[in-house]
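Good morning, colleagues. I would ask you to keep the structure in view while I speak about strand pairing, helix ends and charged side chains.

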Amino acid sequence: MKFSPYFKTVLWGGEKIASYKGMATDLHNIGESWELSCLDGKETVAVGGIFEGLTLKQVIGVLKERLVGRHIYEKFGCDFPLLVKIIDAKENLSLQVHPDDRVAQMFHNGSGKTEMWYVIKADDDAKIYSGLKEEITPEEYERRVADNTIMDVVACHYSHDGDLFFLPPGRIHSIGAGNLLVEVQQASDITYRVYDFGRLDSNGKPRDLHTERAKMAINYSVEDDYLVDYDRDSHGEVKLVDCEYFTVDRIITDGTFHRECKEDSFLVVMCLVGEAVLKCDNATSIELSQGETVLVPAEITGLDIIGKATLLTVTA
C-alpha cells in the first residue's frame, strides 16, 4: 500500500523533492518528505484501496500483526517503529546529535535515534559532516560552541551519489547544502542542536541550541572512517545496513528480481530511480515510480520486482 507523504517546509529546504517525486505542489522550501510516519501531527495517510484516508496508525490498528509482524506489534502496538524520509538540503542543516535510548527515556520518555543516510544525488562540492576528526573533551566542546569553532573538529566528507553514512546515537552530524538523500531512522523526533552556522529564524532570531543535553549525548571518540563501504557496482541485492533497529538493502534490477520477505516483519520498498511493478505472492500487484514508497505487509512472504529500477528495501 502507498501513503501520501508529509511535506515539511524548513529554513534550509530546497525545491528538489516535488520534482524528484513527480508531484505538483504550491509549497516551497520542502526540506523533508516523510514517506512513512506515525508521529503525532505528522502522520502519513493511505492513498488508494480500502484504507484510503486512514493514517498509518489507523491502518496498523485494523491489520495489526498482519501488517507489521507479531513481534513488532507486541512491542510498538499501533506505532510504526521507523521513520522513513527523503531530505533536500538547499542550505546546511544545523550540526546536531541524537540521544541513545537511555538518555531519551531519561529526559523525554521516548526512544533514541539511530539513523542512516543514502545519498540519491549530490551537487558538485556538496558535503556531509559526520563524526569528529579529532578527540575533544566535553569542556572543549562547550568552549568551541561558545566561540564558534566547533566545525573545526567535525569530520567533513565531499558527498557523491550512492554514498552511505550510518549514524548511531552520539555521532555529531550535519547534512551539507546540495544533498538529496534518503534517511531511515528510529521513529523519534528528538534532536539536540549543537551549532546553526549563525542562522536566524523567520523572526530574525537565532535558533535555540541544546548545548547541555548535547554534551551528555555526544560520543567524543574518533573513528577511522565514517563513510560505509559496500559493493556499489553490484546488481541484484546488496546489504547496506544491518543494525538492531533496521536492515536496509539496495536492489538494482533490469528485468525480474525475486525478493523473499523477512519473516514476521513488514517490508518498505523505495524507488530511487526508474519504474517497477511489485507482484506479491498473494496475487496483488502495485506500480512504483521514482520517489515513491510502498509498504508491503508482513503477511506477504515474497514478491517479484519487475522493471528497470534502483530500490531500497527496509525491514525492522
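This is a predicted model: local features need pLDDT of at least 70, side-chain atom pairs count only at pLDDT 80 or more; totals for chains, interfaces and linings use all residues.

Two strands are said to pair if DSSP finds at least two bridges between them. Strand S14, residues 236-242, and strand S15, residues 247-260, run antiparallel to one another and are paired over six bridges. Which residue of S15 is the bridge partner of Asp242? The partner is Thr247.

After H5 comes Asn109, and the phi of Asn109 is positive, near 55 degrees.

The remainder of my time concerns charged pairs. How many salt bridges does the structure hold? The total is 23. I have selected three of them for discussion.

One is between Glu140 and Arg143, where the closest N and O atoms are 3.8 Å apart. That value falls inside the criterion, because a salt bridge requires a side-chain nitrogen of Lys or Arg within 4 Å of a carboxyl oxygen of Asp or Glu. Both residues belong to helix H6, residues 138-146, and because they are three residues apart there, about one helical turn separates them. Arg143 has a relative accessibility of 44% and is therefore classed as partly exposed.

The other two involve Asp196. Its salt bridge with Arg199 has its closest N and O atoms 2.9 Å apart. Are these two partners buried or exposed? Asp196 is buried, at 5% relative accessibility, and Arg199 is likewise counted as buried, at 12%.

Asp196 also meets Arg207 in a salt bridge, at 2.9 Å from N to O. Both Asp196 and Arg207 lie in the loop between strand S13, residues 192-195, and helix H7, residues 211-217, so this pair ties together parts that are eleven residues apart in sequence. Through shared partners, salt bridges join Glu91, Asp196, Arg199 and Arg207 into one network.

With that network I conclude, and I welcome your comments.

Conventions:
Residues are numbered from 1 along each chain as its sequence is written. Side-chain values use heavy atoms; hydrogens and water are left out. Helices (H or I, at least four residues) and strands (E, at least two) are DSSP runs, numbered from the N terminus. Buried means under 20% relative accessible area, exposed over 50%, partly exposed in between (1.4 Å probe, protein chains only).
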